[in-house]
Amino acid sequence: MKFLDEYRDGELAQQFAREIRRIKTRPWNIMEICGGQTHAIVKFGIDELLPEKITLIHGPGCPVCVTPLEMIDRALEIAARPDVIFASFGDMLRVPGSTTDLLSVKASGGDIRIVYSPLDAVKLAEQNPAKEVVFFGVGFETTAPATALAVYQAAQKKLNNFSMLISHVLVPPAMEALLSSPNCRVQGFLAAGHVCAVMGYEEYFSIAKKYSVPVVVTGFEPLDILQGILMTVQQLESGRAEVENQYSRAVKREGNQSAQDLMKKVFQIVPRKWRGVGEIPQSGLGLGEKYAAFDAEKKFGVADHRVEESADCWSGLVLQGQIKPHECPAFGSKCTPEHPLGATMVSSEGACAAYYRYRRMPDLIGAK
Amino acid sequence: MSAQKPIEFSGACPIPISQYPQVLMAHGGGGKLMHQLIGKMFLAAFSNPLLDTQHDAAVAELTGKKIAFTTDSYVVRPMFFPGGDIGSMAVHGTVNDLAMAGARPIYLSSAFIIEEGLPMETLWKIVCSMRDAAEKCGVQIITGDTKVVDKGKGDGVFINTAGIGVIEHGQKITPQNVQAGDAILVSGDLGRHGMAIMAVREGLQFESQIESDSAPVHEIILQLLKAGIEIHCLRDLTRGGLTSALNEIAEAAKRTLLVEEKAIPVREDVHTACEILGLDPLQVACEGRFVAFVAAKDSERALQILRSDEAGTSAALIGKVAGKSSPLVTLKSVIGANRILDMPSGEQLPRIC
């Protein structure tokens, strides 16, 4: 496919792999932040091309995975209400809450719709004035501008039957939280290209400097990822810790200014709990005061859910890059995509689901 | 008083209630949950040697003649889509199920479940489309049924068709007959039906419209048989697409299948639409495509025959059956690494980013 096949060329991929092998003098641990990159790495087998001891650690960058359990429970509670049309990205429907999931709520009669854009949810609200339409706003800086635009439009149109359950999260605070952890093994980062397409990459300069860690803004196709790894290894081998941009065809240093302006208008920065990681200060987006009327949590007065994760699920360690998915005792036995214990198994971008889908053969779950 | 035999309570639902106490859409999605439902409920309850082969059509002997028998229901939305409609699909789908046993389709039944309020004109369009499709396939619709349900209890119209065909060859075409070394062929480019439907549902517009691949495939299969191609297994690539079909066969045949991503034909517009919607073209449904397992010695000839058909110009050899006896499908990715091609869980759910 044009603009895609050229980034999936097998021969060029091998060339990048050879170059990485040539310049590497010792082991390095590199974290790809984004779940989309994890998915591509495992799906295309990119890590299999890498030399031994270049280890990819799969980061917490899957928005479905890090949405806290209590937020899922709130979604389930709202979605089950007879007066509500609950709109969500498809990925969220299979994520288990403490007792059930959105697919089951739908089977019990809940009106749950899969949408591709938050703006579709605004349309639903216009078309169904007698119903309350609630959009489940999850995701990183990538999806946040569209959520902001939906709220902004709903306000312009004075829709009073539209609201949002918001669980947006921000990447840089999570990187800092990981780097501050005493167990941190990460020596270099592939920053998430699409997040940077919105936000630019200026906010990574201070992180690279403070923690002496290279950050390479990286795309999502196999050759993007391999080049991102090569650039990171080049920095590590030469003792540099800089911010570089591999994904220049999509990312500008300053990002997308109008998207950022809109986010600033609609959101405020809030502390946010990350499933499997814990609360990270200043790591989430919530609706600003001017738009508080669109806050579904306030509108529906949902109970404060106190929940506990399954003790068998080690997704927290996976999300922090402490273990590989198959090192969890429940992997593939108690925990499968059909009956997931934690969100890393349920989302198609979750590291556990990626390993389960593509790597279940013993000889493929190798050392890497 | 004679000792009474204790009553055996065996009526418990075989699908553990702790997992899914209700039927979900995913139980019909062609993935693992559907197979679990079929295996634990239907096969467990109805088990017999013919059903247990789990072929697209059952092959039985009646008064000395071998026949194939199958049934399928059609609930597609929208009812009319680029390249077809629910009526033509209801004929093609059942004809194709018969063709997967290498049968010549002869008779169909058709049962309509119609929702109150459906415009007569719409129904007539569907009926005419069925008539034309049946004529083209050389089958007759010889019996039927009509039910009308209250408004809101249906969705326009649902159609069930059953089909009978005769088997005029001596080959054994079943998943269990798949052998090490067999060549794996697909009969054309993949994913067009599913993406034609998705494009209409999601309001996606492309430079040119993606048309469904809905079409009968029995003629080309009869040609393969006539040419003496040694066919071991056939399966049409409907729900769950190539991924489900290969996994079902690997499971039934207890064989490892090796396929190459590069060799699998997917049209550029279909690939683009899949990328936009976050779907895997290998899991997207077709309605006029099948996978064939043929003896390696015949693979070149089979490919020539498939490609001679207008619908099969992009037919391709996509892999082979390995010597290993563990049921597994592995895919060599475009950059040359191996991975599992796993059965999808339920419905394909669009990804967030």
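Domain bounds here come from an automatic or database domain assignment. The model on screen is predicted.

**Stop 1: the two domains of chain B**

Select residues 53-166 of chain B for domain 1, then 175-340 for domain 2. The C-alpha centres of these two domains of chain B are 23 Å apart. Where they meet, domain 1 of chain B contributes 24 residues and domain 2 of chain B contributes 25 residues.

Now colour α3 (86-99) and β5 (104-115) of chain B, each of which supplies at least two residues to the side of domain 1 that touches domain 2. On that side of domain 1, α3(B) has the largest share, with nine residues. Sorted by class, this side of domain 1 of chain B holds eleven nonpolar, ten polar and three charged residues.

**Stop 2**

An α-helix has 3.6 residues a turn, so residues three or four places apart point the same way.

**Stop 2: where chain B touches chain A**

Show both chains. The contact between them involves 29 residues of chain B and 41 residues of chain A. On the chain B side, select α1 (32-46), α8 (268-277) and β14 (338-340), the elements that give two or more residues to it. Of the elements of chain B, α8(B) gives the most to this side, with four residues. The side of chain B that touches chain A is made up of 14 nonpolar, eight polar and seven charged residues.

**Stop 3: the nonpolar cores**

Select A:Val134, A:Ala191 and A:Cys196, the residues with the most contacts inside the largest nonpolar core, which has 131 residues. Helix α12 of chain A, residues 222-237, gives the most to this core, with eight residues.

Centre the view on A:Ala191. Leaving aside neighbours within four places in sequence, the residues in contact with A:Ala191 include A:Ile33, A:Cys196, A:Tyr201 and A:Tyr204. Also in contact with A:Ala191 are A:Val215, A:Val216, A:Val217 and A:Thr218.

**Stop 5**

Select B:Arg77 and B:Pro78, which are joined by a cis peptide bond with omega of about -5°. B:Pro78 is in the loop between β2 (65-74) and β3 (80-81) of chain B.

Move to B:Thr63, in the loop between β1 (58-62) and β2 of chain B. Although B:Thr63 is not a glycine, its phi is positive, at about 40°. Is B:Thr63 buried or exposed? B:Thr63 counts as exposed, because it has 5 C-beta neighbours inside 10 Å, and the cut-off for exposed is 12 or fewer.

Finish in chain A at A:Lys158, in the loop between α8 (144-156) and β6 (162-169). A:Lys158 is not a glycine either, yet has a positive phi of about 55°. With 7 other C-beta atoms within 10 Å, A:Lys158 is exposed.

Terms used. Residues are numbered from 1 along each chain as its sequence is written. Chains are lettered from A and ligands numbered from 1 in the order in which they are written. This is a predicted model: local features need pLDDT of at least 70, side-chain atom pairs count only at pLDDT 80 or more; totals for chains, interfaces and linings use all residues. Two residues are in contact if their C-beta atoms, placed from the backbone, lie within 7 Å. Ala, Val, Leu, Ile, Met, Phe, Trp, Tyr, Cys and Pro count as nonpolar, Asp, Glu, Lys and Arg as charged, and the others, Gly among them, as polar. A nonpolar core is a set of buried Ala, Val, Leu, Ile, Met, Phe, Trp, Tyr and Cys residues joined through C-beta atoms within 7 Å. A residue is buried if 20 or more other C-beta atoms lie within 10 Å of its own, exposed if 12 or fewer, and partly exposed in between; C-beta atoms are placed from the backbone.
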